[in-house]
Amino acid sequence: MFLKYVTPDYRVKSLFDISPKWLKRNGYMKVVVDVDNTLLPRDKTMVGPRAMTWIRQCHQQGINIALISNNGGDRLKGITRQTNLGCVMKAAKPLPVAYKRLVEAMGGGKVLFVGDQLLTDVLGAKFSGHPVIWCESLGGQEHFITRCTRKIEKFLIGRLNANGKMPKERVLQ
């Protein structure tokens, strides 16, 4: 029963394996991206050119992008200034309140979430009733709590694989 809440709808190696054309073709015109270790490594403050290009290409396709993070402070404020994207900081993922706030701020409807953690990003999106893409962590320095939850995540990945529930990793073109 619990596994359904940590089962992503799609699985990719990285955010950059999600084509803006694929998003548009599949009706995902509103996308919320986790910041730490999805958009950029947690220990970095500058959004890389590849991420900026992806955001620009999404906007060119008419796709609205927003950010979500359990962190806050000057680093996140700087990232939102660089990207010119809205962000819910200190989101308390996987609790659904931040997800609901973001969906309302984006005008409701079909919203896709993208993140690197089963126990925060995927669980929160699924618990809130939204589709989610799970990607590999960019491997930046992780918070102590995240390092602990990664151990639980490994167990869950094993269960998902054993039950045939884990989607195959693919490039969404």
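Trainee: Okay, how many salt bridges are there by this rule?
Mentor: The count comes to eight salt bridges. Keep in mind as we go that this is a predicted model.

Trainee: Got it. Let me pick one: which residue's side chain does R75 meet in a salt bridge?
Mentor: That would be D36, with 2.7 Å from N to O. This pair links distant parts of the chain, since R75 sits in helix α3 and D36 in the loop between β2 and α2, 39 residues apart.

Trainee: And is D36 buried or exposed?
Mentor: D36 is buried, because its relative accessibility is 8% and the cut-off for buried is under 20%.

Trainee: What about R150, which side chains does R150 meet in salt bridges?
Mentor: Two of them are E142 and E153. The E142 and R150 side chains meet at 2.7 Å, N to O, and those of R150 and E153 meet at 2.8 Å, again N to O.

Trainee: Where do R150 and E153 lie?
Mentor: Both are in helix α6, which covers residues 144–162. They are three residues apart there, about one turn of the helix.

Trainee: Nice. Changing topic: how many strands form the sheet, and in what order?
Mentor: Six strands form an open sheet, and reading across you get β1-β6-β5-β2-β3-β4. The pairing is parallel.

Trainee: Which ones are the edge strands?
Mentor: β1 and β4, each of which pairs on one side only.

Trainee: Let me zoom in on β2. How many bridges join β2 to β5?
Mentor: Three bridges join them, and the two strands run parallel. Strand β5 spans residues 112–115. If you want a particular contact to click on, V33 has V114 in β5 as its bridge partner.

Trainee: Found it. Now rings: how many aromatic pairs does the structure hold?
Mentor: Five aromatic pairs. One of them is Y10 with W22, which is edge-to-face: the centres are 5.0 Å apart and the planes make an angle of 85 degrees.

Trainee: Where in the chain are Y10 and W22?
Mentor: Y10 is in strand β1, residues 10–12, and W22 is in helix α1, residues 20–25. They are 12 residues apart, so the pair counts as a link between distant parts of the chain.

Trainee: Are those two buried or exposed?
Mentor: Y10 and W22 are both buried. They also belong to a cluster: ring pairs link Y10, W22 and Y28.

Trainee: What lies over the face of Y28?
Mentor: K110 does, at 4.4 Å from the centre of the Y28 ring.

Trainee: Okay, cysteines next. How many disulfides does a search of the whole structure find?
Mentor: Zero disulfides. Take C135: the nearest cysteine sulfur belongs to C58 and is 13 Å away. A disulfide would need the two sulfur atoms within 2.5 Å, so C135 is in no disulfide.

Trainee: Last topic, the backbone. Where is there a cis peptide bond?
Mentor: Look between K93 and P94, which are joined by a cis peptide bond with omega of about 15 degrees. P94 is placed in the loop between β4, residues 87–88, and α4, residues 96–105.

Trainee: Which residues other than glycine have a positive phi?
Mentor: N37 and N84 are two to look at. Phi of N37 is near 70 degrees, and phi of N84 is about 60 degrees.

Trainee: Where are they found?
Mentor: N37 is in the loop between β2, residues 30–34, and α2, residues 49–60. N84 is in the loop between α3, residues 73–83, and β4.

Trainee: And for each, buried or exposed?
Mentor: N37 is buried, with a relative accessible area of 3%, whereas N84 is exposed, at 68%.

Conventions:
Residues numbered from 1 in each chain as written. Predicted model: local features only at pLDDT ≥ 70, side-chain atom pairs only at ≥ 80, totals over all residues. Heavy atoms only, no water. Helix = DSSP H or I, 4+ residues; strand = E, 2+ residues; numbered from the N terminus. Buried < 20%, exposed > 50% of the residue type's maximum accessible area, 1.4 Å probe, protein only. Phe/Tyr/Trp six-rings, centres within 6.5 Å; stacked < 30°, edge-to-face > 60°. Lys NZ or Arg CZ within 6 Å of the ring centre and 35° of its normal. Salt bridge = Lys/Arg side-chain N within 4 Å of Asp/Glu carboxyl O. Pairing = 2+ DSSP bridges.
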